[in-house]
Amino acid sequence: MGKIIAGVVAGYLVMLAVVFGLMSLAWVILGAEGAFQPGTFAVTGTWIAASIVVALLAAVAGGWACTRITPDPRAIRLLVGLVVVLGVIFAIPVLTAPAGAPPPRPEGLAMMEAMKQGVQPAWVALLNPAIGAIGALVGSRLRAGRTTA
């Protein structure tokens, strides 16, 4: 059971590290003007596309790492379950946010503050758990294919 828990924890930590690293890189490349609609905290289509690609890459890496630690299929099922549950929990604030125009965005905002204030569409928040689950399963299959080949 210890290896299963270690695989799930490692897989999730890998996902977090990849998301943080690649989204930080996206921020450096796009900046506030590429990430947000002019003068607001509403994210751009470019930022949404980048976040979807990053989420998929992170989930694949997390599934691969989980299966690298233990090939026990219970581990990847637990990781997928964790990703879905946390994804839904993180989507709740987006889904329950009051409707209306996003707040105005001041100039010279730091990346972490901008990330907290960013307003994404509800469909993106709902898509994230599915991307995470599918990506983790794909990553586990990539790793499993290497162990049986």
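In this predicted model, Thr 46 counts as partly exposed, with a relative accessibility of 47%. Thr 46 belongs to helix α2. Once the neighbours within four places in sequence are set aside, the contacts of Thr 46 are Leu 30 and Gly 34. Thr 46 is also a handy reference point for distances across the fold: Asn 128 lies 82 residues away from Thr 46 in sequence, and the two C-alpha atoms are 16 Å apart in space.

Beyond the neighbours within four places in sequence, Ser 140 touches Gly 63, Trp 64, Thr 67 and Ile 76.

Stepping back to the whole chain, the protein is made of five helices, with zero strands. Read from the N terminus, the order of elements is α-α-α-α-α. The C-alpha trace spans about 50 × 30 × 20 Å along its principal axes. Of the 149 residues in the protein, 38% are buried.

A bend of about 70° is found in α1 at Ile 29.

The largest pocket has a volume of about 1500 Å³. Its lining comprises 44 residues, and those closest to the pocket centre are Val 19, Ser 51, Phe 90, Gln 120 and Asn 128. Two or more lining residues come from each of α1 (2–35), α2 (45–69), α3 (73–96), α4 (111–117) and α5 (122–148). By residue class, the lining of the largest pocket has 35 nonpolar, eight polar and one charged. Asn 128, one of the residues closest to the centre of this pocket, is also the residue whose C-alpha atom is 16 Å from that of Thr 46.

Note on methods. Residues are numbered from 1 along each chain as its sequence is written. This is a predicted model: local features need pLDDT of at least 70, side-chain atom pairs count only at pLDDT 80 or more; totals for chains, interfaces and linings use all residues. Side-chain values use heavy atoms; hydrogens and water are left out. On a 1 Å grid over the protein atoms alone, a cavity is a set of points where a 1.4 Å probe fits but cannot get out, and a pocket is an open set with protein on both sides within 12 Å along at least five of seven lines; lining residues have an atom within 4 Å of a point. Grid points are joined across faces, edges and corners, and a volume is the space filled by probe spheres set on the points. Helices (H or I, at least four residues) and strands (E, at least two) are DSSP runs, numbered from the N terminus. Ala, Val, Leu, Ile, Met, Phe, Trp, Tyr, Cys and Pro count as nonpolar, Asp, Glu, Lys and Arg as charged, and the others, Gly among them, as polar. The bend at a residue is the angle between axes fitted to the seven residues ending there and the seven starting there. Buried means under 20% relative accessible area, exposed over 50%, partly exposed in between (1.4 Å probe, protein chains only). Contact means heavy atoms within 4.5 Å.
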